[in-house]
Amino acid sequence: MDYSPPPLFKQGAPARVKVTVFALVSLVLLVVDAHMHVLSTVRQVAATVLYPLQMAALVPRDAVASMGGYFSSLSSLQNEVRELKSQQVTQAQAMQQAQLQMAENAHLRRLLEAREYLPVATIMSEILYDARDPSTRRIVLDRGARNGVQLGLPVIDNAGVIGQVTRVFPFTSEVTLLTDKEQAIPVQVLRSGLRSIAYGRGHSGLLDLRFVAPDADIQVGDVIVTSGLDGMYPAGLAVAKVVQVEKVAAGAFGRVICQPLGGVDRNRQLLIVMSSMARAPRPETAAAA
């Protein structure tokens, strides 16, 4: 009896035979190609045909790699931007400090030049802070009684008078500015020699020459200097410049408004004039009969 399968299900050679045949063919092709190089053309054609498929297969890998590179580059750029901003802030702060130091150095040079022309001894001082009373114009300096500071000593800068020492402590001293309402200083007009007294006007930052005769020889632009009659301020220190002259009717006093020449609200380093002028002794009164 024949048990072979029908023609529809008839199988070919066994699988082992096929594997063996294909392996032998592959070995033969490898040996022939290694010695005769007859399959180079076939490889080139196969590579050309399969190149689009290779590129299509590499698209997902390239997309993932480019996406990772994009995010990494974005993160690195953000870090660089933060570092640059931090450097910019640091450099801006250093530049501002350098500008402040340059301005202070220029002011100190001007103070030293003015110090050489003063006929009396001075000491350098620095403003610590403004006085707490908002109704007055006062500052506190870093020099006190231990440095020889006394009441009434004038305080100046390179441009003119700033104020006068009104309170002294061991390590600090309080200076009433020239523009304070309670401050007055004997002055005279440099051009005409007219003497007067300058009074502060408070927070307006100006000075008044009160009780000036209507026909007094004072003009806008005149320079006001210390007269030295009070025995505290050396004569000839620049005080202010006339900015306004108000004429009034005959028989009444005129009003003169002046702008201080010193840096009352600007500079930080000041000079304290240590040696006051020697006052002449008062003449003795005649004995009563």
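From the N terminus on, the elements of the chain run α-α-β-β-β-β-β-β-β-β-β-β-β-β, that is, two helices and 12 strands. Helices (H or I, at least four residues) and strands (E, at least two) are DSSP runs numbered from the N terminus. This is a predicted model, in which local features need pLDDT of at least 70 and side-chain atom pairs count only at pLDDT 80 or more, while totals for chains, interfaces and linings use all residues. Residues are numbered from 1 along each chain as its sequence is written, and side-chain values use heavy atoms, with hydrogens and water left out.

**Confidence**
- The mean pLDDT (the predictor's confidence in each residue, from 0 to 100) of the chain is 78, and 77% of its residues reach 70 or more.

**Burial and contacts**
- Of the 289 residues in the chain, 28% are buried (under 20% relative accessible area, 1.4 Å probe, protein chains only).
- Among contacts (heavy atoms within 4.5 Å) with a separation of 6 or more, 57% join residues 24 or more positions apart.

**Glycine 205**
- Glycine 205 sits in the loop between β7 (195-200) and β8 (207-212), and is buried at a relative accessible area of 13%.
- Beyond its neighbours within four places in sequence, glycine 205 is in contact with Arg137, Thr179, Gln259 and Pro260.
- Leucine 177 is 28 residues from glycine 205 in sequence and 9.6 Å from it in space, C-alpha to C-alpha.

**Largest pocket**
- The largest pocket holds about 190 Å³ of space; on a 1 Å grid over the protein atoms alone, a pocket is an open set of points with protein on both sides within 12 Å along at least five of seven lines, and a cavity is a set where a 1.4 Å probe fits but cannot get out.
- Its lining (residues with an atom within 4 Å of a point) has 15 residues, with Asp130, Arg138, Ile139, Leu177 and Asp265 nearest the centre.
- Two or more lining residues come from each of β1 (122-130) and β2 (138-141).
- Five lining residues of this pocket are nonpolar, three polar and seven charged.

**Largest cavity**
- One cavity of 30 Å³ or more is found in the whole structure, and the largest cavity has about 60 Å³ of space.
- β10 (238-246) and β11 (254-260) each supply at least two of its lining residues, and β11 gives the largest share, three residues.

Notes:
Buried means under 20% relative accessible area, exposed over 50%, partly exposed in between (1.4 Å probe, protein chains only). Grid points are joined across faces, edges and corners, and a volume is the space filled by probe spheres set on the points. Ala, Val, Leu, Ile, Met, Phe, Trp, Tyr, Cys and Pro count as nonpolar, Asp, Glu, Lys and Arg as charged, and the others, Gly among them, as polar.
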